[in-house]
Amino acid sequence: MGRYVIRRLLQMIPVFIGSTFLIFFMVYALGDPVAAMFGERAPDPATAAQIRRELYLDAPLWKQYLHYMGQIFQGNFGTAFNGQSVIELMVSAFPVTLRLTVVAVVIEMVVGVVLGVFSGLRRGRGIDTSVLVLTLVVVSIPTFVSGYLLQFLFGVQWGWAAPSVSPEVPLNELLLPGLVLALVSLAYVTRLTRTSIAENVRADYVRTAVAKGLPRHRVITRHLLRNSLIPVVTFIGTDIGALMGGAIVTERIFNIHGVGYQLYQGILRQNSPTVVGFVTILVLVFLLANLLVDLLYAVLDPRIRYA
Amino acid sequence: MRGATLAKWALCAAATGLAATACGGGGGGSAGVVSASWGDPQNPLEPANTNEVQGGKVLEMLFRGLKRYNPKTGAAENVLADRIETTDSQHFTVTLKGGWTFSNGEKVTARSFVDAWNYGALLTNEQKNAPFFQYIDGFAKVHPTSGSPKAKTLSGLVVKDDRTFTVTLNQKFSSWPDTLGYAAFMPLPQAFYKDHSGWLRKPVGNGPYRVDSYEKGSVLRMRKWGKYPGPDPARNSGIDLRVYTDNNTAYTDLQAGNLDLVDDVPASQLKSVKSDLGSRYINQPAGIIQTLTFPMYDKAWGGPGKEKVRRGLSMAIDRNQITREIFQRTRTPATDWTSPVLGADGGYKAGLCGEACVFNPGRARQLIKQGGGLPGGHMTVTYNADTGSHKDWIDALCNSINTSLGSDNACTGAPVGTFGDFRNKIAAKRMSGPFRAGWQMDYPLIQNFLQPLYYTNGSANDGKFSNHGFDTLVDKANAQTDTGQAVATFQDAEKVLAAQMPSIPLWYQNGSGGYSERISNVSLNPFSVPVYNEIKVN
């Protein structure tokens, strides 16, 4: 187990280097960011040259990359154009997005698994069909539509919730954005759970458990559900990474100043330290989440062992 | 159905569980405080480093300079300056009023100005507004075009005593005192230099507000400064500027009563804004003009005889229809190269452009034919697609041109992904056809609408237009001491533009905004920025 974890951690190093270089290269390809800082006015050449030198933009790409990586290993992610250090931005942005992600994942897990279990147990019956239709509808609505729609209905029309999230980002205000963020994945979780449950409900161990005279809820929660959750856990693991980075649209609609907001600003202003720094952390989150998922397999299914 | 009910219960349980851990907060501002929409300023909030409107808003609340532009008329009026005297339009003596301090108690003296201007001009401080100090003697030494600076301070600035300093310019510039209301010329306290990062975290100025707390990228809370000595103290107890990435969200927040003031009504809401807000919708002229600029460095557009094509294209655009249908009259068809906010005395002259700015498809076809037709029979209009919903009006504009010229593919839009890339292409002179340009004035002077944009090598002369007659007239106007005469000469220079048409004036942009029932006495200044200190909370 320990060796397995170490091997996986070591594998992250080339992925980390490769992905940072790719991102660095792509942001670099967007072109020189200095001109945009001067608005509709042509940059004053002397000031522009000074800024380029300061930001290391006058060096060739490979030198810039080495310089940047050197900084990262000293714990310095560079400075955004508005004078804030990228670390400072991360400290303010990641906790916000993490909270939003947690809200979204809790919603999609609870609602998705419950709906999945019920429709899986009643395969082909009314509830199964209605859940199927419901999930199809939800999957086909893009986030920006559901976002603006729910925001308008809950925020303006009915006045049940604030349409945007205040700077302190309290969890209760994150429920609506969390729901919007969770909606699409929720449908997948439901479908995955349903299929898995429907398959396993006829498995020998379930029949044995029932034959032993165990109460129905115990059969379902301890035996059936635990064994059926493996594909769901895989999905949620990869989804955490996707939710954290992919919340750009949701964060924009609800004015949440998290990772998506910083990435959006960074891309718009071609601010490579911000973009590369944030994406690098996201890559790490993604890798760690995947490792965690693999380790969870062993917990869920005792037949799986790592060496 | 049991499943559905259970699911609902589970969701509610999770919701209350999460809500319980959340520690209150949020909601509207405290009593007397106005919450307003804001965009994250691009640069640190230093006066000489703020060249866009979002940072400018804050500086307008935190600082008062020698002059201030009247929020209604746009006229430059003395604030800290007691008088600015000159006999030759080149040597100025500035005398300050007494009794002004910064909100940390430090006195505002001649040194507060001179040090701040020296800081702004010095190359190594990388201030983006440094070129605003270029008319002051010694600028070339502190801000050489290449290499490191030869001097630390501008030789043209001399402190005489606490309340007097003199300024020597390197050329005659009669309206120079009127430029001093711009943010770059604000005074700075000593704390700015002593603890720079601390100052940036919590800027200190001498305006009607002081910073209460600043969470960068999220919210800036400003409170009324009780001891403000100026004539225009805040009539509310504070302003909370909240950063919005999406102006639709800000508008929704306003509708829901979660926000008091938006100063940018999204284009998609313009149709319904009147029914939503009624008299709480503001739509008034601002000092912004939108143009279509030609790449004069490209022979196909700037060569001899091509002014006929450029003038013809101007006549092929139905400005009235586009401002009505696309902009819902938040823009007005332009007939000169300035802005109505200047007023007739300031140099605005409706119809100066003449027949070239009047929609006339027949004459347009004729002129373009005489000028040799569109280069290659086809043109593209380049714009940046990331902000400002430019696509809508560019498409409408091309449609108008296509209809006028009777050809389906005479004109198409050419989007560029980001504003940065767009600006890079312009700076590198890589435009092969006309492109969108917008100009927001720095100060309400006709000079600011002409010299930076069309003078040879002007700082915003994107089309690289160069005309000896125009340059001479601008120089002449700058040297004239009589304001009326100077304005008339600037208008003569503008007539050169009407003949040459290096850029097509499209429309004057209005400032727009909306506010909640909680506040009143809301208006926009000529820079389309709300006059925050006048807002009253009901």
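Me: How far apart are the end C-alpha atoms of residues 174–192 of chain A?
Reply: This is a predicted model, where local features need pLDDT of at least 70 and side-chain atom pairs count only at pLDDT 80 or more, while totals for chains, interfaces and linings use all residues. Residues are numbered from 1 along each chain as its sequence is written, and chains are lettered from A and ligands numbered from 1 in the order in which they are written. Residues 174–192 of chain A are 95% helix and 0% strand, with helices (H or I, at least four residues) and strands (E, at least two) taken as DSSP runs numbered from the N terminus. The distance between the end C-alpha atoms is 26 Å.

Me: And what is the end-to-end C-alpha distance for residues 98–119 of chain A?
Reply: The unreviewed UniProt entry annotates "transmembrane region" at spans of chain A including 98–119 and 174–192; its positions are given in the numbering used here, feature names are shortened, and annotations may be inferred rather than shown by experiment. Residues 98–119 of chain A are 100% helix and 0% strand. Their end C-alpha atoms are separated by 31 Å.

Me: How many helices does chain A have?
Reply: Read from the N terminus, the elements of chain A go α-α-α-α-α-α-α-α-α-α-α-α-α-α. Strands number 0 in chain A, and the helices number 14.

Me: What separates the centres of the two domains of chain A?
Reply: An automatic or database domain assignment sets the bounds, giving domain 1 (31–76) and domain 2 (93–300) in chain A. The contact between them takes 4 residues from domain 1 of chain A and 4 residues from domain 2 of chain A, where contact asks for C-beta atoms, placed from the backbone, within 7 Å. Between the C-alpha centres of these chain A domains the distance is 39 Å.

Me: Now chain B: how far apart are its domain centres?
Reply: Here the assignment gives domain 1 (6–258 + 516–537) and domain 2 (284–510). In chain B, 17 residues of domain 1 touch 18 residues of domain 2. Over C-alpha atoms, the centres of these chain B domains are separated by 31 Å.

Me: Which element of chain B gives the largest share of the side that touches chain A?
Reply: The contact involves 62 residues of chain B and 59 residues of chain A. On the chain B side, α1 (2–21), α7 (247–255), α15 (419–427) and β16 each bring at least two residues. The largest share, 10 residues, belongs to α1(B).

Me: Is α16(B) mostly covered or mostly open, and what covers its buried residues?
Reply: Mostly covered: 8 of the 9 residues in α16(B) (446–454) are buried. Buried means 20 or more other C-beta atoms within 10 Å of a residue's own, exposed means 12 or fewer, and partly exposed is in between, with C-beta atoms placed from the backbone. B:F449 and B:Y454 are among the buried ones. The cover includes β16 (435–440), α12 (343–346), α17 (468–479) and α18 (483–500) of chain B.

Me: Which residue of β7(B) stands opposite B:L157?
Reply: Strands β6 (157–161) and β7 (164–168) of chain B pair antiparallel over 4 bridges, and pairing needs at least two DSSP bridges between the strands. A hairpin of 2 residues links β6(B) to β7(B). Across from B:L157 in this pair is B:V167.

Terms used: Contact = placed C-beta atoms within 7 Å.
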